[in-house]
Amino acid sequence: NSMLSWQRTAFHFQPEKNWMNDPNGPLFYKGWYHFFYQWNPNGAIWGDIVWGHAVSKDLIHWLHLPLAMVADQWYDINGVWTGSATILPDGKIVMLYTGSTNESVQVQNLAYPADHNDPLLTKWVKYSGNPILVPPPGIGYKDFRDPTTAWYTSQGKWRITIGSKLNKTGISLVYDTKDFKTYEQLNGVLHAVPGTGMWECVDFYPVSKTSDKGLDTSVNGPDVKHVVKASLDDDRNDYYSLGTYEEKTGKWVPDNQKIDVGIGIRYDYGIFYASKTFYDQNKERRVLWGWIGESDSENADMQKGWASVQGIPRTVVFDKKTGSNLLQWPVEEVEKLRLSITDFDKVEVKAGSVLPLQVGTATQLDIVAEFELDKKVLESVAESNEVFSCNTSAGASHRGALGPFGLLVLADETLSEQTPVYFYVAKGPGGNFDTFFCADQTRSSVANDVKKKVTGSYVPVLKDEKLSARILVDHSIVESFAQGGRTTITSRVYPTKAIYGAARLILFNNATETSVTASLKVWQMNSAFIRPYHPDETSN
Ligand code: DQQ
């Protein structure tokens, strides 16, 4: 339906058509980034899942390849579900994935490239002894899925973890293996959190406490913290927590029980699910991929013939300044898409005003913004006992002394459509400031078959730090990062008027007392080449 074709993104990863969900088995091999994904060959809603495959030199421009794996065995005939890659010391790759069997039992399977000399890894072979793991006693046959990348133990074995649940407790089972064919289950679990339900797509990886380089999944030591991430099937969000991993027992303990997995911090406060990291040995970094679903209706998805995009891959590092969260940032390669820049230096936005920014067409943008509040107002403003939260507030129309202020993206001339991305600062008892970072979809579209929520969260701001945001705008997706990536929000929005040349970018300050000084760099963004597969181009 060409009426809706503008909703397709220009530099986010998308298949040509149909439904896509989780990222699978990302890896770097012989000069190529490989990306696999859950895909429905038959329509724009979830079902009949197989593995799509694409390759890239830079995580931005992609060439689609033939399907990597289809549902052709009794042990995956109901779906080739999510899995992860492990690169062995000799450079060989093993892929573990979940199959939904002919009886809809969730089992784990092994696959490997047919030809390790083929840098495109076009053909995949399923191991003849599959499945290599079936649900253990006590685990529901539909509660056993999404094996992680393996890491090496000092006992000379590989270890993986697989999400599950026991009653309402989310858990992650642990297995050791020498050859990826036979496994031994460890006693106990990596971790368990009551009330969090089924853990999908568990991720487990080290981050350095001292360096911004990423770590290979097997690295451990005194300078290392370990992240556990679970995708909660019950609330469809990705939660992570920082903690300590004990190799001997295969257990992990959170630094702070109050922000344990599933009850504390999220990677993203918008739409972001089933994410997975990989260690990129090419650039010594850890890269996070996340599936960004739709917030329109299934009907609309079927009309437009596709659903979902992948977020711009993000580097993840430990936040050494706060010590209590990760920093997520779009991979640097996305900056190669930057075209013309418009610079705004120290623009004053008075309380209760808007200021259109002359940046040309505003549907493909990379925005870097800094905001400073009026120091006198910060000192003199009365303390309040307001308990603020983005999602229970009235969005950008909720006025306080010190916010909201920020940007209206994908706005039309008359502001009948607009998506505010903003900060809200509150001076609490004792004179402490709390800062929140929110995105308001309530006026993002005049269409009514779309979800219109206000999302966002608290963002840590340290003394003497300016407020800063990075926002990637790409037609129907807005990815927003505050304070260097401490808090992120991904929104899917469906404007009908604020499209192509009619889309505007506008500064706003809806605070009642403080003025705001904003400095911005705004780049027009080029489109990425995301080329369909044509057999002629890859055959000899
Ligand atoms: N998606 C896959 C499952 C996984 C879920 C099926 C998460 O393996 O648990 O498409 O979105």
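The model is predicted.

Start at the ligand. Its shell counts 13 residues, and the nearest are D22, Q38, W46, R145 and D146. D22 places a polar side-chain atom 2.8 Å from a nitrogen atom of the ligand. W46 has a side-chain N or O atom 3.0 Å from an oxygen atom of the ligand. For D146, a side-chain N or O atom is 2.5 Å from a ligand oxygen atom. The ligand has 310 Å² of accessible area on its own, and the protein covers 95% of that area. The shell holds 6 nonpolar, 3 polar and 4 charged residues.

Stay with strand β1 for a moment. Residue N18 lies in this strand. Its phi is near 75°, a positive value in a residue other than glycine. Most residues other than glycine have a negative phi, and most peptide bonds are trans.

Two peptide bonds in the model are cis. One runs from N130 to P131, with omega near -5°. P131 sits in the loop between β8 (124–126) and β9 (151–152). Another cis bond joins G403 and P404, and here omega is about 5°. P404 belongs to strand β28.

Next come the open spaces. The largest pocket has a volume of about 1,100 Å³. Its lining comprises 41 residues, and the closest to the pocket centre are N237, R266, G270, I271 and K453. Three elements each supply at least two lining residues: β18 (265–266), α1 (298–304) and β31 (454–458). Of the elements, β31 gives the most, with 5 residues. By class, the lining of the largest pocket splits into 16 nonpolar, 15 polar and 10 charged residues.

The second largest pocket has a volume of about 640 Å³. It is lined by 20 residues, and L378, F433, V461, D464 and E465 come closest to its centre. Strand β27 (364–373), helix α2 (375–380) and strand β30 (433–440) each contribute at least two residues to this lining. The class count for the second largest pocket is 11 nonpolar, 1 polar and 8 charged.

The structure holds 1 disulfide. C390 and C438 form the bond, with their sulfur atoms 2.2 Å apart. The torsion about the S-S bond of C390 and C438 is about -70°, so the disulfide is left-handed. C390 lies in the loop between α2 and β28 (402–411), while C438 lies in strand β30, so the pair ties together parts that are 48 residues apart in sequence.

Rolling a probe the size of a water molecule over the atoms shows where empty space is left. The structure has 2 cavities of 30 Å³ or more.

The largest cavity has a volume of about 60 Å³. To find it, follow the chain through P206, V207 and S208, then S211, D212, K213, G214 and L215. Strands β14 (199–208) and β23 (314–318) each supply at least two of the lining residues. The lining of the largest cavity has 6 nonpolar, 3 polar and 3 charged residues.

The second largest cavity holds about 40 Å³ of space. Its lining includes F11, H12 and F13, along with L59, I60 and W62. W289 lines the cavity too, as do Q310, G311, I312 and P313. Which classes make up this lining? There are 8 nonpolar and 3 polar residues, and no charged ones.

Conventions: Residues numbered from 1 in each chain as written. Predicted model: local features only at pLDDT ≥ 70, side-chain atom pairs only at ≥ 80, totals over all residues. Heavy atoms only, no water. 1 Å grid on protein atoms, 1.4 Å probe; cavity = no way out; pocket = protein on both sides within 12 Å on 5 of 7 lines; lining within 4 Å. Points joined across faces, edges and corners; volume = space filled by probe spheres on them. Helix = DSSP H or I, 4+ residues; strand = E, 2+ residues; numbered from the N terminus. Nonpolar A, V, L, I, M, F, W, Y, C, P; charged D, E, K, R; others polar. Near = heavy atom within 4 Å. Polar contact = N/O pair within 3.5 Å; in protein donor to acceptor, adjacent residues only side chain to side chain. Areas by Shrake-Rupley, 256 points an atom, 1.4 Å probe, with all protein chains shown as cover. Disulfide = S-S within 2.5 Å.
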